[in-house]
Structure formats: structure tokens, C-alpha cells
Amino acid sequence: MGRIRGTFGVKRIYEPPADDDGCRVLVDRLWPRGMPRERAAVDHWLKEVAPSTALRKEFDHRPGRFADFGARYRLELDSNPAVEELLELAADHPRITLLYAARNTEANHALVLLDYLRGRPAD
């Protein structure tokens, strides 16, 4: 794969789309409740990059479990082929916005994924 040229950001899917979002990628395993597909303005739904169902249920959006969740999710990402799909999108788009539905904007899987992607060396 060539050098990654895209930049990544995160945003709750319930926030209105913006011109500077670039390519909007939903990174949740389940479609967000109450969000019509037309309003979501999702370019790609990459549910395979989300945490496993077992890990998601164990975390249960409890902030006290976030550190352990993040470490375990990173281990899942290390062997997840969907990460390469996301990096390929980044090679084709100058901006990627990772969309998530979690209410907690400070402790969620999209932030772990963002940190993981930013920490990867470019090819």
C-alpha cells in the first residue's frame, strides 16, 4: 500500500454533516437508533472495524472499564483486516470522519480507533 495521505477525525453521527467532514465512515457494528439513512449521509459503513460484540457488551459504555476496553480493542484491531480497508479509504480521500453513535464523547471505541490509526506508521 502507498503512503497514507488522509487525515482522520471523529464525530457523533447525530451531529449534522459538514462540508469539511470529507468521506464519512460509520464505524459502529449496529446502525444507530433513530437515524434515518438519508440524514446520516454515510459514505461507507465499515461495521467490521468495530469492536467485537463480546467486547462491546463487556465494556457496556462504562467509563471505569474504558482503559481495559481500549487495550483489548487495540489487540483486536492488530489482526482486523477492516483496518486495511479504512487505510485504503484514507489513501483515496484527504479527510475521513469516523462516525459513531455512543453518547459518551470522551470514552468510546471511535476515539480508540482514531488513536490507533494516528499511531500507525505510514508506509
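Because the model is predicted, local features need pLDDT of at least 70 and side-chain atom pairs count only at pLDDT 80 or more, while totals for chains, interfaces and linings use all residues. Residues are numbered from 1 along each chain as its sequence is written, and side-chain values use heavy atoms, with hydrogens and water left out.

- Helices (H or I, at least four residues) and strands (E, at least two) are DSSP runs numbered from the N terminus, and two strands pair if DSSP finds at least two bridges between them.
- E1 and E4 run parallel and are joined by six bridges; Gly9 has Thr97 as its bridge partner in E4, and Phe8 stands opposite Ile96 in E4.
- Strand E2 (residues 23-26) pairs with strand E4 (residues 95-100) in the parallel sense over four bridges, with Val25 opposite Leu98 and Leu26 opposite Leu99.
- On to strand E3 (residues 44-45): E2 pairs with E3 over two bridges, again in the parallel sense, and Trp45 is the E3 bridge partner of Leu26.

**What is covered**

- Buried means under 20% relative accessible area, exposed means over 50%, and partly exposed is in between (1.4 Å probe, protein chains only).
- In a regular strand the side chains alternate between the two faces of the sheet.
- Both faces of E2 are covered: Cys23 and Val25 are buried on one side, and Arg24 and Leu26 are buried on the other.
- E4 is mostly covered too, with five of its six residues buried.
- Ala90, in helix H4 (residues 82-92), counts as buried because its relative accessibility is 0%.
- The C-alpha atoms of Ala90 and Thr7 are 7.0 Å apart, although the two residues are separated by 83 residues along the chain.

**Helix H5 and His109**

- An α-helix has 3.6 residues a turn, so residues three or four places apart point the same way.
- The buried residues of H5 are His109, Ala110, Val112, Leu113, Leu114, Tyr116 and Leu117; what covers them includes E1, helix H3 (66-78), H4 and E4.
- At the start of H5, a side-chain oxygen of Asn108 comes to within 3.0 Å of the backbone nitrogen of Ala110.
- His109 belongs to helix H5 (residues 109-119) and counts as buried because its relative accessibility is 10%.
- Contact means heavy atoms within 4.5 Å; leaving out residues up to four places away in sequence, His109 touches Val27, Asp28, Ala50, Pro51, Phe69, Tyr73 and Tyr100.

**Positive phi without glycine**

- Ala41 is not a glycine, yet has a positive phi of about 50°; Ala41 lies in the loop between helix H1 (37-40) and E3 and is partly exposed at 30% relative accessibility.
- His61 is not a glycine either and has a positive phi of about 60°; His61 lies in the loop between H2 and H3 and is partly exposed, with a relative accessible area of 46%.

**The largest pocket**

- On a 1 Å grid over the protein atoms alone, a pocket is an open set of points where a 1.4 Å probe fits, with protein on both sides within 12 Å along at least five of seven lines; lining residues have an atom within 4 Å of a point.
- The lining counts 21 residues, and Leu30, Arg56, His61, Ala101 and Ala102 lie nearest the centre.
- Helix H2 (residues 53-59) gives the largest share of the lining, three residues.
- By type, the lining splits into 10 nonpolar, three polar and eight charged residues. (Ala, Val, Leu, Ile, Met, Phe, Trp, Tyr, Cys and Pro count as nonpolar, Asp, Glu, Lys and Arg as charged, and the others, Gly among them, as polar.)

Methods:
Polar contact = N/O pair within 3.5 Å; in protein donor to acceptor, adjacent residues only side chain to side chain.
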